[in-house]
Structure formats: C-alpha cells, structure tokens
Amino acid sequence: MRTRQIDEAALPHGTYLNSGAAARAGLKVNRFCYDLRQPENRAAFGADPEAAMARYDLPEEDRALIRAKDWLGLIKRGVNVFVLLRLAQLCGDGLVAVGAQMRGETPEQYLATRNIGKGG
Amino acid sequence: MGRIIGGIGSPHAPSIGALIDAGDWDNPDWRPLLRGFAPMQDWLVQQRPDAAILIYNDHVTTFFFETYPIFALSVAENHRIADEGFGPRPLAPIPGDPDFAWHVAHSLVDDEFDITLCHDMPLDHGALTPASALWPDRAAPWPAKLLPIAVNVLQFPVPSPRRLFRLGQALRRAVQSYRDDAYRVVVLGTGGLSHQLHGERFGYQNYDWDMRFLDLLEEDPEQLAALRLQDFIENAGAEGAEMIMWLAMRGALSARVRRLHRNYHAPLHTGFAQALFEDMGD
C-alpha cells in the first residue's frame, strides 16, 4: 500500500503545517510579510503600520494579531515562520524573542535551555 | 562524461552569514561550527571543481506561495544576492554555467523530474550560507559555477525523502552524460539537522537522531529514503524536514563513499552539521 507522507491529525503538539485551509487563510498576511523584503515596504510599515496593513486589505483578525505581536497566533493563522520573522524583526523581536513567546517563556528562560554561552 | 568528485552537507542560517560577513570566525559560541568548514574549504581549494550543484530551499524570498514550485532549477548566467528583509549580504553575484544547467534540465526532465526552470533566481541564505562559508575568499572571484536547485520544504505537500534521494540519483546520471569529459562537479546539500522554529514546539532538538542520521547517510542512505516525512517531523522537528536535501546530495554519490569530514554543533535553535564525502566511482 502507498504510504501517505503526512498524517496531519497525528502531528506533534505545537506543530502547524502550511497546507490546505491554513495556507489559504494565511495567504494575504503571508503576502504582506513577504513584501517586507523590499525596503520601501519596511519603511512604510515603520511609518504607519495601520495604513500599510490597509493597503493589503488584511482581515481584521490578522491586523489584531499583528498589533498584539502575537507571533504564535499568526503561526496558527497560517503564516510561514520565515516571512513572519521579517515582520517580527521590524517590531523589535528577533528569533529568540519570537521563539520564547511561542514556547510561553521569557527570552531568558528560553536561552537557559540552550548551549550558547556555556562553552558548548 | 562529467564526473562527480564528492558531496558536502552544510547548514544554512542567517546568523552564520552575519558572522562570516563580520569576519567573526572565532566567536566563542560559534567557533566549533565555523571552523568546521575548514576541512571542506581546504578540500575545495585542492580539488577545484568546475561546478557545484546546490540542493537548497528558498525561504519565501525568491518564490512566494501564490506560485510555488516544488523543484526549481536555475539556468541563469548570474545569481543576484537577495534581500530577505534585512538588507542584502555584501557578496558578489554568483555565476552559473548555463550550458551545463540546460543539459541538467534536459536530463532531469527526460528522467521524469519535471522541474521548473528559472532565468532569474536571486539567492537567499539557503544558498548563500554554504557558498560563502565554503569559498570564504572575498578577494577572489567565485571559483566554481553554481547550479542551484530549490526544493519546496515549506508548503505541504513536500516531496518525500525517497523522491529527494532519487533526485540525487538523477543528478548523477545528468552529470555523467555531460559532453565535457573534463567537467568535475561537487554536490552540496544544505539544511539544519533537527530544529523546529515555530509553534509551542519551537526549539526542539534531537541529538541522538542527528547522529543516527549522519551515520546512515554515510553507510545506508536507503534506510533514510524509506522513512516518511512524518518521521522527520516527529524526530527532527518540522523545520528539520529540510534534512531531505542532504539525502539528494547523498543520492548523487557512489553507493559507497569515503568520509573525509564530519562535525556537529548545536549552540542555539538548530542542530548544525557538516559532512564531506569523497565519491568512489561506479
């Protein structure tokens, strides 16, 4: 029998695949974040985030998550982590801060679980 | 016929590129990783391959989900340095070899790998990390032509481990059917080993799995090809699924290989590994 590569119902806890309904729901906000690779869009978001989001016709649900810097909420909504990082960086959160938030920890708590700074 | 001389596995991460650009090779937290490139740098200087086939993934930089190729191959004469959102890295564009690339494209499609062809494929850290780490001399022109092949590992369905292994085998047939008899090729596979960068499972790592992966990659890659993507996600984290690109590198090599180098370092989010295999011929 042919083996299905992915069983979405049996994914590890805290794992969200970009596929199907999530890929559709997240398309607009993914596009918004994707375009932040262009400096003029980064500048526009920095100057007036609400106007920048309005130009992309983002659903209110997405706008609320962005205002709240709710990175985990955006992932659950279907945003890909690599485009999300462009937005998070503009909002002052690097990968450590983003990861810590998703784990429900402070950056210090998260870093304490890592080898970095321990001669490792 | 052309010849594959070896294969290299390398991580990619924006943090690695930033350290390289700053000349910070001896940063205490990152030295064990950055200096792990040295034996591969030396080998490349000795071997001077004409071209490097690089199996990597784009991080939603050059390709966007509205139109997202599962496999894409560059036939470009030159590869621009992409701006991923933090400004482009200070690297010269990396030349390709269109004649070789078109040959590989024909060979792959004849072999039922119906790959998307790109005349313009700016490169992000997926490709630039290994290129800049393996050829670190910024004063010299890029010494090898680059043939980048982008693989979708971000939007599911993602091709299976078996499919990537077979892509490597098809690349071997492509190189071996190239008309230039003196053409020598190194194959690069890139990706972090275990890591997950999203969700409550962010930061997941699995040292034992990573060690077993490196063992099997060298000695019995068929075992890895027989796994499901779900096995990779469970054991290596969702972003660890990109390990399948190492499998494409291994598929392009001889059944038995000689390992010349292996290194592992996991300072922060990701299990980073390096491996260098010499091809032993058919």
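Predicted model: local features only at pLDDT ≥ 70, side-chain atom pairs only at ≥ 80, totals over all residues.
Residues are numbered from 1 along each chain as its sequence is written, and chains are lettered from A and ligands numbered from 1 in the order in which they are written.

## Chain A

Let us start with the overall picture. Along the principal axes, the C-alpha atoms of chain A fill a box of roughly 50 × 45 × 25 Å. Chain A has 120 residues, and 35% of them count as buried. A residue is buried if 20 or more other C-beta atoms lie within 10 Å of its own, exposed if 12 or fewer do, and partly exposed in between, with C-beta atoms placed from the backbone. Two residues are in contact if their C-beta atoms, placed from the backbone, lie within 7 Å. Among contacts in chain A between residues at least 6 apart in sequence, 57% join residues at least 24 apart.

Now look at one pair of helices. Helix 2 of chain A packs against helix 7 of chain A at an angle of about 55°, and their axes are 8 Å apart. That angle makes helix 2 of chain A oblique to helix 7 of chain A. On the side of helix 2 of chain A, the contact is made by Asn30(A), Cys33(A) and Tyr34(A), and on the side of helix 7 of chain A by Val83(A), Leu84(A), Arg86(A) and Leu87(A).

Axes are lines fitted to C-alpha atoms, for helices over the stretch in contact, and angles run from 0 to 180 degrees between N-to-C directions. Angles under 35 degrees count as roughly parallel, over 145 as roughly antiparallel, 65 to 115 as roughly perpendicular and the rest as oblique. A crossing is left-handed if the near helix is turned anticlockwise from the far one by less than a right angle, and right-handed if clockwise.

## Where the chains meet

The contact between the chains takes 39 residues from chain A and 31 residues from chain B. Helix 2 (27-34), helix 7 (81-90) and helix 8 (95-103) of chain A each supply at least two residues of the side that touches chain B. The largest share of that side, five residues, comes from helix 7 of chain A.

Ser19(A) gives a local view. Ser19(A) sits in the segment before helix 1 (20-25) of chain A and is partly exposed, with 16 other C-beta atoms within 10 Å. Not counting residues up to four places away in sequence, Ser19(A) touches Gln155(B) and Phe156(B). Within its own chain, Ser19(A) and Gly78(A) are 59 residues apart, yet their C-alpha atoms are separated by 8.1 Å.

## Chain B

Helix 7 (residues 207-219) of chain B has 13 residues and should span 18 Å at 1.5 Å a residue; its end C-alpha atoms are 19 Å apart, which agrees. The expected span is 1.5 Å times one less than the number of residues. In this helix, Trp209(B), Asp210(B), Phe213(B), Leu214(B) and Leu217(B) are buried. They cover an arc of only 135° around the axis, so they lie on the same side of helix 7 of chain B. On the other side, Tyr207(B), Asp208(B), Asp215(B) and Glu219(B) are exposed. The partners of the buried residues include helix 10 (244-251) and strand 9 (257-265) of chain B.

Helix 10 of chain B is mostly covered, with eight of its eight residues buried. Helix 6 (residues 161-176) of chain B also holds Arg173(B), which is partly exposed, with 14 other C-beta atoms within 10 Å. Beyond its neighbours within four places in sequence, Arg173(B) is in contact with Ser107(B) and Asp111(B).

| Helices | Angle | Axes | Crossing |
|---|---|---|---|
| Helix 2 and helix 7 of chain A | about 55° | 8 Å apart | left-handed |
| Helix 1 and helix 5 of chain B | roughly 40° | within 9 Å | left-handed |
| Helix 6 and helix 10 of chain B | about 35° | 6 Å apart | right-handed |

Conventions: Helix = DSSP H or I, 4+ residues; strand = E, 2+ residues; numbered from the N terminus. Arc of directions from axis to C-beta.
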